[in-house]
Amino acid sequence: MERYALTETCTLVVQEGDLTKVAVDAVVNAANERMLGGGGVDGAIHRAAGPELVEACREVPEVRPGVRCPTGAARITPGFALPAAHVIHTVGPVYDSAATSAPLLRSAYAASLGLACEHGLASVAFPAISCGVFGYPLGEAAPLSIATCREHAESLTEIQFVLFGEATHRVWSVAAKEIL
Ligand code: AR6
């Protein structure tokens with residue numbers, strides 16, 4: 001685990017681990033637009049939170065048929081059985097190219113951080129959004145995510161990246177050392 005000064009008032013924590021185990025005000029879920037669960041970290045969060053989470057997700061209104069959370073947006077629910085108090089669900093892009101995908105990934109991070117601040121939360125923990133099934137290259141996602149967190153930390157005092165596997169952890173550590 002490494003700690004960095006992200007801004008004057010916000011610490012960045014980069015660690016290898018399991019997002020479903022961290023006790024923060026909100027964990028961020030790498031969801032899909034339907035927002036009713038899936039594989040990867042989404043499946044793990046739903047399993048750990050228990051069946052009330054999908055019920056809470058179902059109550060989030062659809063903005064169009066089958067879409068509760070458009071790509072680049074974020075929604076918040078309670079965390080139920082998770083150690084985290086809340087889940088912020090966001091949807092990153094399916095990777096296409098740096099030029100078309102980067103604005104959407106930046107938006108997913110910014111919307112999640114904005115929602116956390118609106119709800120008066122102090123600490124949030126992110127996975128590597130879009131870097132699994134959605135195919136975003138780690139080396140592009142890591143610096144983008146850290147820079148976006150620095151721009152949108154606002155009233156947060158701690159932002160964590162909880163990364164599955166040593167390879168992903170290493171890429172985030174290198175990016176944090178370069179940027180901060
Ligand atoms: N803790 C932390 N990171 C995890 C965990 C965990 N428990 N489990 C997986 N990861 P992915 P995406 C990492 O595929 O690319 C789902 O089906 C994983 O190793 O979960 O945004 C959704 O429903 C990778 O580094 O999310 C969507 O349909 C990162 O989390 C779609 O996948 C993200 O991988 C979203 O794809």
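In what order do the seven strands of the open sheet stand? The order is β1-β2-β7-β6-β3-β5-β4, with mixed pairing; strands are DSSP runs of E with at least two residues, helices are runs of H or I with at least four, and both are numbered from the N terminus. Two strands pair if DSSP finds at least two bridges between them.

This is a predicted model, in which local features need pLDDT of at least 70, side-chain atom pairs count only at pLDDT 80 or more, and totals for chains, interfaces and linings use all residues. Residues are numbered from 1 along each chain as its sequence is written, and side-chain values use heavy atoms, leaving out hydrogens and water.

- Strands β6 (residues 123–126) and β7 (residues 158–163) pair in the parallel sense over four bridges.
- Within this pair, A125 stands opposite Q160 in β7.

**Helices on the sheet**
- Helix α1 (residues 40–49) packs on the sheet and touches β3 and β5 (86–90); contact means heavy atoms within 4.5 Å.
- Helix α4 (residues 138–152) also packs on the sheet, touching β2 (11–16), β6 and β7.

**Residue V27**
- V27 lies in strand β3 (residues 26–30).
- V27 is buried, at 1% relative accessible area; buried means under 20%, exposed over 50%, and partly exposed in between (1.4 Å probe, protein chains only).
- Beyond its neighbours within four places in sequence, V27 has contacts that include L19, I45, L82, V87 and A125.

Terms used:
Axes are lines fitted to C-alpha atoms, for helices over the stretch in contact, and angles run from 0 to 180 degrees between N-to-C directions.
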